[in-house]
Amino acid sequence: MPMLNRHILSFIFCLFGLFLIIYSAYSLGDFSEYGAAFMPSLIGGGMIIFSLLDIFAKKQQMDTPLVTWHEIKFVLLIIGIILFYVF
């Protein structure tokens, strides 16, 4: 099974957070006030912030561990749970 760099999973989370913000703004309306689009936008913004922090952390510059298939399944599970909540 091929291994992936941890930065790739953080980048996937960043793209998914961006998708949540765009989807909630497009289909659920304005997210500037508390309503249907507020929580998905908040979750997407948090995912973007924390994934960018993970990518640019100085601790992971040289010794970046590789990701196993077991960790990829958990990432897909989290994305599925959030999509289930949004839809």
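Colleague: Leaving aside neighbours within four places in sequence, what is V75 in contact with?
Modeller: V75 is in contact with L9 and F13 once those neighbours are left aside, contact being heavy atoms within 4.5 Å. This is a predicted model, in which local features need pLDDT of at least 70, side-chain atom pairs count only at pLDDT 80 or more, and totals for chains, interfaces and linings use all residues. Residues are numbered from 1 along each chain as its sequence is written, and side-chain values use heavy atoms, without hydrogens and water.

Colleague: Which residues form the largest nonpolar core?
Modeller: That core has 10 residues: L9, F13, F16, L20, M47, I72, V75, I79, I82 and V86. Such a core joins buried Ala, Val, Leu, Ile, Met, Phe, Trp, Tyr and Cys residues through side-chain atoms within 4.5 Å. Two or more of its residues come from each of α1 (6–27) and α3 (69–86), helices being DSSP runs of H or I with at least four residues, numbered from the N terminus. The largest share, five residues, belongs to α3.

Colleague: Which residues of α3 are buried?
Modeller: In α3, I72, V75, I79, I82 and V86 are buried, meaning under 20% relative accessible area with a 1.4 Å probe, protein chains only; exposed is over 50%, and partly exposed lies in between. They cover an arc of only 90° around the axis, so they sit on the same side of α3; the arc is taken over directions from the helix axis to the C-beta atoms.

Colleague: And what is exposed on the other side of α3?
Modeller: I81 and F84 are exposed there.

Colleague: Changing topic, where does S41 lie?
Modeller: S41 lies in helix α2, residues 38–55. S41 is buried, at a relative accessible area of 9%.
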